[in-house]
Number of protein chains: 2
Amino acid sequence: MSHHYKISILFLLFLSFKSKCQNSDSIALRKNFDYYLTKSNCYKNLEFLSTKIESRLSGSPGAAKAVIWAKKAMYEAGADTVYLQPCMVPHWVRGPKESCYSIDTKTKQKVNYSVCALGNSVGTSQNGVNGKVISVNSFNQLDSLGEKNIKGKIVFFNVFFDHKHLSTGSCYGETVTYRYSGPSKAAKYGAIATIVRSMSSINNDFPHTGVMGYDTTVSLKKIPACAISYSGADQLANKLKNNPSLSLYLKTSCEMLKKELSYNVVGEIKGSEKPNEIIMAGGHLDAWDNGQGAHDDGAGVVQAIEVLALYKKQNIKPKHTIRAVAFMNEENGGAGGKAYFEDTKKNNLKHIAALESDAGGFSPRGISIDTTLGAFKKVLTWKSLLDPYFVQYIKPGGHGADISYLKELDVPLIGFEPDGQKYFDYHHTSDDTFDKINKRELELSAGVIGSLIYLIDMKGW
Amino acid sequence: MSHHYKISILFLLFLSFKSKCQNSDSIALRKNFDYYLTKSNCYKNLEFLSTKIESRLSGSPGAAKAVIWAKKAMYEAGADTVYLQPCMVPHWVRGPKESCYSIDTKTKQKVNYSVCALGNSVGTSQNGVNGKVISVNSFNQLDSLGEKNIKGKIVFFNVFFDHKHLSTGSCYGETVTYRYSGPSKAAKYGAIATIVRSMSSINNDFPHTGVMGYDTTVSLKKIPACAISYSGADQLANKLKNNPSLSLYLKTSCEMLKKELSYNVVGEIKGSEKPNEIIMAGGHLDAWDNGQGAHDDGAGVVQAIEVLALYKKQNIKPKHTIRAVAFMNEENGGAGGKAYFEDTKKNNLKHIAALESDAGGFSPRGISIDTTLGAFKKVLTWKSLLDPYFVQYIKPGGHGADISYLKELDVPLIGFEPDGQKYFDYHHTSDDTFDKINKRELELSAGVIGSLIYLIDMKGW
């Protein structure tokens, strides 16, 4: 028997061992997905959260109810312990429905536009604001126009998604700055209000809200800011073309009240071998007040809760401590994410991975990982295991906002990415409702999340 | 300079050449997708086909209008020539809305069920049929029950999708036999009608029609056959549990009229180098009468037409002849597919590839190829080019029914596969309407189809 022959036999044994491992993993994952597709509770949980609890923006009575619900749901899923993790959150309220119209020069009739105040914005006065509209399509253009053209006017940021992007997230990423930073940039030149074209993939009449922030580094008037629907923006742009001195009336009644105490909800199953090492999956519990927050981010919350259920209902004992986290205040402040980080740091907790699902309850598409450690390479070796479950890619990249603070602690951060083509059809609108959720899509994505957590728990880094 | 060195340089040159090719291909594909995502007409075409033309089941006035529309749309897309390819198609009509109810034993009130006649079924008499219901969940059970339990009754095939399947097509494949073959199998034991649980992924009240066929190899009565909605089937099953001798009244008014002349619509751009070699992309123009046929298969038709537009509007001269085909009668006969095959054979036409898109207008997911030639391996080498456009897999496998006849001529057959989780939510129902189509998803999938045709044209096999 030659040396070469011996090596070959060892090599074959190794291959056979490796293939057996892959095979038993693949059987385990198939069992997980049987659970998700036939017995899981995430769809029913999402129905309850979306339709039985009133809107749940941070600080609202709905958010408080959602916290109580999440605690109960986590216990029902099989958590050993559920913590409420306190955080002080902004309490912004929209007030009565916004009003925005111009007067048609010929018919003298009101032309109404669908608008909604942006989160954290101040409202107009009781009498609303009235002003000429100036349309701009970039901050550069705003700067060139300057005070002499802007002062006393309503600035209309008329910036479209660039549909050449394959990822709608990239479309959003390029335009969201006009929503977030536009108001203060316009106020610098004396604008009295801003209206931003909705960050929308499709042409319809739903205005898309979302957070804005005033620049507090300089002394500037806080001006009211709102979003206009895609079709409303088209209509307004058209009117402006025919009548460049068009005036708009705008009334919003939103206001920022004083901060409220709220909570992240943290459910866990203690690890049987390494209880001090945490693997976490999360989504955010708060949602914009105008819709049901089914895709953003009820889906992420129920998927995280279902990770606990996977272990408990399948009677699997995790080696590490498994956590599901329902974060508070992702939408307009990030207080929950920060509180989770502070708690982790203060108590010197070790997370070996943190995953967030905050891109809707659609079919699985991929996984993105942000880590300086070897975790990425390890997850890559599981590609063929996850491939049958519609995981097209595992790539370095972004993740949810809530877990981003953990980067300072070198926690490998994982973003679950569903198919994203429709996300910005519903995002931050009253159309983000439970009937837009497909049961199988939600469950398959929950299955990928649960299976990834399962693989990390079984194999570590 | 050593020999080894020379080889290395040649190798590097080769690599550099290969990478330049890949690079120029990748730039070309990116340009294609720019076209699809910003300038293509497929969404508007689908809107017209779905909403401006009445229902277009084979033989109907709507189908005749759809043929005229497709011809016009192909010329507008840039076809050199558009042929109408004749075929004799069945002309089945539903007639007035179906009626199905039981009488509640306590309240004596009618309990109505949502049903629809199956395509090609005979209707009941004017007076309808009345009979006790017997529920079966397999053909084995039907056989065991036999004539003594079945005779004079209405057989209710109560078979669910097995949701453990990752592909909804597999769920459908397992259950569709009860729809297609159930009526004759039940008639063998003296059943007077059949009702099949809708081939549906979701629980709602839309009944799903679809083709059935009578077994004409034996002398059997043709009994009326219909489908009941998912929730209706639940309700019926529940009533039967409480009252095993429950009777149903069923009335359907459908009938098969005499065959009609109809057409495939074939649009082509002649090849500049190999005009006698055809690359074809198709979908089917006919659709069930109850809905708009937006996903099934308006989407496939407009995607095929858009292949012509890609060449014309982008000013690309194809080497081979590019064909878009809108097939007639896929749903209840396949006359169009057969006519296309006969024409191909008679005229000794050479197809180097035939692609069909008939699985809805959703996001791209993969490509399946059925060929005994080297085409599969060649397409595999394009995986990395198609990967950014959400093509997760290229695998051996199925394709559309219309192109299946070409297998006899050794034509490599390609099935385009979009994400399929929602397809059987809408399939063959009145809910298959244009508003269920997402513009970007339709365009991205059209882009994959166009780009695949482009690569085959550029590189051949």
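1. The buried residues of α3(B) are covered by elements of chain B including α2 (42–51), β1 (81–93), β10 (255–269), α8 (294–313) and β12 (320–327). Helices (H or I, at least four residues) and strands (E, at least two) are DSSP runs, numbered from the N terminus. This is a predicted model, in which local features need pLDDT of at least 70 and side-chain atom pairs count only at pLDDT 80 or more, while totals for chains, interfaces and linings use all residues. Residues are numbered from 1 along each chain as its sequence is written, and chains are lettered from A and ligands numbered from 1 in the order in which they are written.

2. The buried set in α3(B) is Ala63(B), Ala66(B), Val67(B), Trp69(B), Ala70(B), Ala73(B), Met74(B) and Ala77(B). Buried here means that 20 or more other C-beta atoms, placed from the backbone, lie within 10 Å of the residue's own. An α-helix has 3.6 residues a turn, so residues three or four places apart point the same way.

3. Helix α3 of chain B (residues 61–77) has 17 residues and should span 24 Å at 1.5 Å a residue, and its end C-alpha atoms agree, being 24 Å apart. The expected span is 1.5 Å times one less than the number of residues. Gly78(B) follows α3(B) and has a positive phi, near 120 degrees.

4. Strand β8 of chain B (residues 225–228) is covered on both faces, with Ala225(B) and Ala227(B) buried on one side and Cys226(B) and Ile228(B) buried on the other. Strand β4 (residues 115–117) of chain B runs antiparallel to β8(B), joined by 3 bridges; Ala117(B) has Cys226(B) as its bridge partner. Strand β7 (residues 193–197) of chain B runs parallel to β8(B), with 4 bridges, and Val196(B) stands opposite Ala227(B). Strands pair if DSSP finds at least two bridges between them.

5. The contact between the chains takes 22 residues from chain B and 22 residues from chain A. Residues are in contact if their C-beta atoms, placed from the backbone, lie within 7 Å. On the side of chain B that touches chain A, α1 (3–38) and α13 (439–459) of chain B each supply at least two residues. The largest share, 4 residues, is from α13(B).

Key: Contact = placed C-beta atoms within 7 Å. Buried ≥ 20, exposed ≤ 12 C-beta atoms within 10 Å, placed from the backbone.
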